[in-house]
Amino acid sequence: MNVSLPAGLLPRMVPAERRGRAIVIVLAGITLALSLGLPAGTEPADALGWRAAFAALALPAVLLVVWIRRRVPGFPGEARDERVPLPRVAALPGIGTVLSVTLTRLVGHQVMYPYVAPFSEHTGFGRTGPVLLVFGAATVVGIWLTGLLIDRCPRRTLLGALALLASAMLALGRYAGHGAALLVSVALWGAAFGGTPTLIQTALVDSSGPANADVAASLQTTVYNAGIAAGSLIGGLILAGPGADALPWTTFLLVTLTLTIVAAGRRHAFPRGAARS
C-alpha cells in the first residue's frame, strides 16, 4: 500500500485549509478496501472462483488508469538537487512522533483484525460474516465524521478516535461473550479505525510541509507495512499461546500507548491548532 505519491500531490492540488478533507477522500479508498474488501470478495470468489474475482477487479483498474490519465492534473517532478535527503526529512520536528503513532496504531489493529474469525468463534458468536459487515459499515461512518472534523480540530478528533478504539477493546475483552455487546464493540472499533489513518496522514503532511510530503509519506508507508507484518505476527503468537481472550487486551495496551504519544506530541506532531503551510 503506497500513499506517498498521493500525499505528495494533494498539497499542490488543494488549498491548505482543505488539505485534511482531501486526504480523507483519497485514503477512504484504502480504508474501505481494507475493511470491506474481504467480505466483498469472499462471496464472488466462493461462487465463481478466485480467478473470476481477480478478473472482475482488472477491468475497473484499467478504466481508473485511463481516467487518471485524462482528468488528474500533472505536476512537474523535482530536480535531484532540490530534493531534501530522506534522513533530513526524517529528522524534521514531529516526523518521528507521527511515525511512532503509525507503528503502534497499526500493530495494535493487526493484532486483532486478522483473527476476528477465531476470536468470534471463541466467544460463542461464531459468525464472522456479520462481524466483518458491521466493522466495514462502521468504517464508513468513521470516515464521514472525520471528513467533517479534520480541518477544524484534527488533534481532538484523533484523540477521540483513539479513546473510542481503546473503549471498544475494553468492551471486547470483558463482554464479547454477549452477541450484542460483541457487535456494538466491533462497530465502535470500525468507526475509530475509519478515521485514524487520515488523521495521522494529515499530521505527517503538516509536519513535513508540502514540499517534503512525498518523502515523508514513503517513510510512513514503510512503517505502515512493518506494523501490519509485526501486528499479524504478534497476534498469531498470542492466539497460539495465551489464546483469543488476550487479543483485545493486547490491542488495548498498544492503543493506550498510541494515545499517550499523541497527547504528548502537542508541540510539533499533533498541535492544538491546525496551522498549515
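I counted aromatic pairs and got five. My rule: rings of Phe, Tyr and Trp (its six-membered ring) pair if their centres lie within 6.5 Å; planes under 30 degrees apart are stacked, over 60 edge-to-face, the rest tilted.

I noted the ground rules. The model is predicted, so local features need pLDDT of at least 70 and side-chain atom pairs count only at pLDDT 80 or more, while totals for chains, interfaces and linings use all residues. Residues are numbered from 1 along each chain as its sequence is written, and side-chain values use heavy atoms, with hydrogens and water left out. Helices are DSSP runs (H or I, at least four residues), numbered from the N terminus.

Next, burial: under 20% relative accessible area is buried, over 50% exposed, in between partly exposed (1.4 Å probe, protein chains only). Phe-135 counts as buried because its relative accessibility is 2%. Trp-189 is also at 2%, so buried.

I checked another pair. Trp-249 and Phe-252 have ring centres 6.5 Å apart and planes at 80°, so they are edge-to-face. They sit three residues apart in helix H11, about one helical turn. Trp-249, at 34% relative accessibility, is partly exposed.

Tyr-113, Phe-135, Trp-189 and Phe-193 form one aromatic cluster.

Then the cores, meaning sets of buried Ala, Val, Leu, Ile, Met, Phe, Trp, Tyr and Cys joined through side-chain atoms within 4.5 Å. In the largest, of 27 residues, Met-112, Phe-119, Leu-172, Leu-182, Val-186 and Trp-189 touch the most other members. H5, H6, H7, H8, H9 and H11 each give it two or more residues. A second, separate core has 23 residues, including Val-24, Leu-99, Ile-143 and Ile-200.

Last, H11. What does its length say? The 19 residues (246-264) should span 27 Å at 1.5 Å a residue, and the end C-alpha atoms are 27 Å apart, which agrees. I took the expected span as 1.5 Å times one less than the number of residues. Leu-247, Pro-248, Thr-250, Thr-251, Leu-254, Val-255, Thr-258 and Val-262 are buried in H11. They cover an arc of only 155° around the axis, so they lie on the same side of H11; I took the arc from the directions from helix axis to C-beta atoms. On the other side, Leu-253 and Ala-264 are exposed.
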